[in-house]
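Hi,

Here is the structure I promised to pass on.

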Amino acid sequence: MQLMLAWAATAALPQSRRDAAVARFDRAAAELVPGSWHRRHLGGTDRGVLVLHPADPGGYRWPPVATERDVTAVSVGIPVGADGDHPVALAHRLLTGEDVHRDVVPPFALLALDPDRLALQQDWLGMARVFTGTADGVTAWCTRPGLLAAFLHGEARPDPAGWTSYLLTGHFGGDLSPLAGIRLLRPGERVTGHRRADGGWQLTTEIRYATDDVVRSGLADRDRPPAERLDRAADALTRTVAGLHRLHDGEVTLGLSGGKDSRLIAATLVAAGRTPNLATNDDTPAEGDVARELVRLVRDRRGLELPHRLVPAAPPATVLGVGLRDRARRLAALHDHQFPSNYLARPAVRTRLPEVVRAPSLTGAAGELVVGYWYPPADAGPAPTPEQAGMTKLLAGVPNSAASPEALAAERDRVTALLAHARGVGLRDEHLIDYLYLVERMRRWCTSAYTTGMVTPFLAPGFVAASFAFTVAEKRARLPHTALIARLVPEWADVPFVSAAAGPSRATRIWEGDGVAAVSDLLDTVHGPLTELIRRPVVERDLRTAARGGRPDPRVLAQFTALAVASERLEPGFTRPSTGATYARVTAPPRPRTPTKGLFAGVRWVRRTRLGDRLWVMVRRQVRRR
C-alpha cells in the first residue's frame, strides 16, 4: 500500500512551519521507503498532499494519483466493485456528494481535490488504513499513524486504550490506534472541506453509507426464499472477481486450503472460466492433501489445469534464522505495530516497504460470517448468551487471567457498548456475534488492509448483507458454502472440508530457537506501562514451561513480546540494562522435593487421588476434635 499524507489548516501557515512538518515526515518515512519510489507533492499555504508509491504500477489499471485539469484523485487501495473506470471520474462524483464507496469491497479510501474543495471518503467498513489527528489548527490524514504523529507532533506517545484492546483482542479495536491523539477514520466517514474566501479551510465530518446500512439491508431480506438469498451471495462474489480482473492484467493468486472459504472462492473463479494461481500452505499435511484432490478433480473431469504449488508458511529453518526480538522489531516497524502477534512465528519481514506492487490475490477471510464460526455449540448444555459468547471469542488475545484487572474491565466495557449498539441496529440471537466479528475482527485484524490488490471477496457489501439474511440454523449447517459450491463446481461438493483437528502442524512455535531467551530478556529489561497490561508472573510461568519442554500458551508469549517491543520504541525511558536474571530463573532445574517430616509423612501419598483426599480430610477432622 502506498503512503499518503494530506492536511488542511484553518489559516495559511508560515513556510517555515510547513517545511518543518514535512521534514519530520520525510525523516520518519526515509526509514521505510525505498529510494526507487515516486513522490508526488501538491498543495499550497493552507493545504497539502504528499503521496509516495512504487514506480512500477505492477499491472494495475488504477493509479494511486491521477490529475485531470483541476481535479486530483488520490486512492488508498483499488476500488474493486466500484462503478467507474477512472479515478478522476470517481473523484468528480465524490466532490458532488455521491456515495462512491457504496459497492466497494474494503479496503478503499478516496481523496478528491479541486482548488476550493476537498472530500475524503472512508469505505463502508472503515477498513482502509487512513488515520486522522489535529494539532494547532491543522487537521491531517495519513495511511500510517507513526508518520502522522511525526508530521503533527514530532513525537509518538502510546495510547493505553489502543494497547489494552490489542492485548485482549489481538488487534486495535474500533477506531483506536497505537498512538495517542490519532484515530482511524470511522466506517463510512466522509470529511468535506471548503476553502474560505480569506484563506484556510472549513471542515465538516459526517457518516455516509456504512456498516449498519449494509447489515440492515440484509435483515430486510430475511423473509426471501433461500434460493434468492443464495443468488444474492453468489452474484456478489462473481461481481467481485470480475471487478478485480477489470483493474489488473493477468490471473490472480488464491491461497487454496482444505477448508470451505477458499474452496468457494476457487469455485467462483473456475465457474467464471478463470485459472487462478493456487498456493497451499501445507504446514498441516491434511490441507495439502485436500487441495491436491480438488485440483485433480477439475483436471480429470473438466480438463482444466490449475497452476498449484504447495509451500510451508512458517518452517523453523526459515523462521529461526532471525532471532525473535529482531523479528518483533521488524514487524512493528514495517506495520506500525498493527500486525497480529502470531506473525512473530513466521519468517522475518523486510526492513523497508516493497520496491514493487505485488500481484493481486484473493483471500477467504470473512467467510466465517456464514458458518457460525464464533457460535457456541448448539448442544453444549446451558448456552451462553450471544453477548457472552461474542465477548469470550473476541477477548481471546490472551487468557483473561493473564491481563491486568483494569485492562480487562476497560475492554469489556468497550465491547459491551458495541454489542448494545448492534442490538439498536436490530440484531438479535447469534447474529450479534457475526456483527462483532465483522466490525472488529475483519475490520482491524485482517491483513488485507495493508496490501494493494489483496482482495477479500466475502467483504463485498452484497455478500455481507446476504450473510445477515441467512438464519442461524442455515449458517450452522453451512448452507451458503455447500449450496454454492455444489452449484458452481459440483465435483467438489463431496470432498470433506479440513477441520481444525486435522492433525499436527509443522509451523514454528514462538518459543523455539532463541524464543525463551528473547522473551526472558524482555521481561528483564522492559518495564514500561504498556508491559504492565499483562501479568508478568504469567509470562514467566509460561517461559518456564517452554524451557522444560512443555507446551505453554503461545498467545501469552507473543502478546508480551509485542507489548515489550512497543514499549522499547514508544516508552524508551523504561528500559533497563539486561541482567539475565529472568532467563536464569526459568531455565533453572526443578527443585528436588523435600521429604515431609511428621507423624503422617509416610502416608501423604493418599492425597494424590480424589478418594484419598476425602479420607485425609475426614481423618484430620477426627484428630482435631480430640
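Below is what turned up, sorted by topic.

First, the ground rules: this is a predicted model, so local features need pLDDT of at least 70, side-chain atom pairs count only at pLDDT 80 or more, and totals for chains, interfaces and linings use all residues. Residues are numbered from 1 along each chain as its sequence is written, and side-chain values use heavy atoms, with hydrogens and water left out.

Sheets

Helices (H or I, at least four residues) and strands (E, at least two) are DSSP runs numbered from the N terminus, and two strands pair if DSSP finds at least two bridges between them.

(Angles run from 0 to 180 degrees between N-to-C directions, and the axes are lines fitted to C-alpha atoms, for helices over the stretch in contact; contact means heavy atoms within 4.5 Å.)

There is also a parallel open sheet of 5 strands, ordered S15-S14-S13-S16-S17. Here strand S15 (308-311) and strand S17 (454-455) are the edges, each pairing on one side only. Strand S13 (residues 253-255) and strand S16 (residues 361-362) pair in the parallel sense over 2 bridges, with Leu254 opposite Leu362 in S16. Helix H7 (residues 260-271) lies across S13 and S16, at about 150 degrees to S13.

Then there is strand S11 (residues 189-195). Why call it largely enclosed by the rest of the structure? Because 5 of its 7 residues are buried (buried is under 20% relative accessible area, exposed is over 50%, and partly exposed is in between, with a 1.4 Å probe and protein chains only). S11 is joined to strand S7 (residues 117-121) by 5 bridges, running antiparallel, and Gln121 stands opposite Arg190. S11 also pairs with strand S12 (residues 201-207), again antiparallel, over 7 bridges; there Val191 stands opposite Thr205. The hairpin of S11 and S12 has 5 residues between the strands, and Gly199 takes a positive phi near 100 degrees in it.

Cavities and a pocket

The search used a 1 Å grid over the protein atoms alone: a cavity is a set of points where a 1.4 Å probe fits but cannot get out, a pocket is an open set with protein on both sides within 12 Å along at least five of seven lines, and lining residues have an atom within 4 Å of a point. Points are joined across faces, edges and corners, and a volume is the space filled by probe spheres set on them. For residue classes, Ala, Val, Leu, Ile, Met, Phe, Trp, Tyr, Cys and Pro count as nonpolar, Asp, Glu, Lys and Arg as charged, and the others, Gly among them, as polar.

That gives 3 cavities of 30 Å³ or more. The largest cavity has a volume of about 100 Å³, and its lining includes Trp163, Tyr166, His337 and Phe339. Helix H4 (160-169), H10 and H19 each give two or more residues to that lining, and H10 has the largest share, 3 residues. By class the lining is 10 nonpolar, 2 polar and no charged.

The second largest cavity comes to about 80 Å³. Of its 14 lining residues, Ile78, Pro107, Gly453, Met454 and Val455 lie nearest the centre, and the lining divides into 8 nonpolar, 6 polar and no charged.

As for the second largest pocket, its volume is about 570 Å³. It is lined by 24 residues, with Ala28, Glu31, Gly146, Asp336 and Arg569 nearest its centre. Helices H1 (15-30), H3 (145-152), H10 (324-335) and H19 (554-570) each supply at least two residues of this lining, which has 10 nonpolar, 4 polar and 10 charged residues.

Two single residues

Arg350 sits in the loop between H10 and S16 and counts as partly exposed because its relative accessibility is 48%. Thr545 is in helix H18 (residues 536-547) and is also partly exposed, at 30%. Leaving aside neighbours within four places in sequence, Thr545 is in contact with Gly550, Arg551 and Pro552.

Cheers
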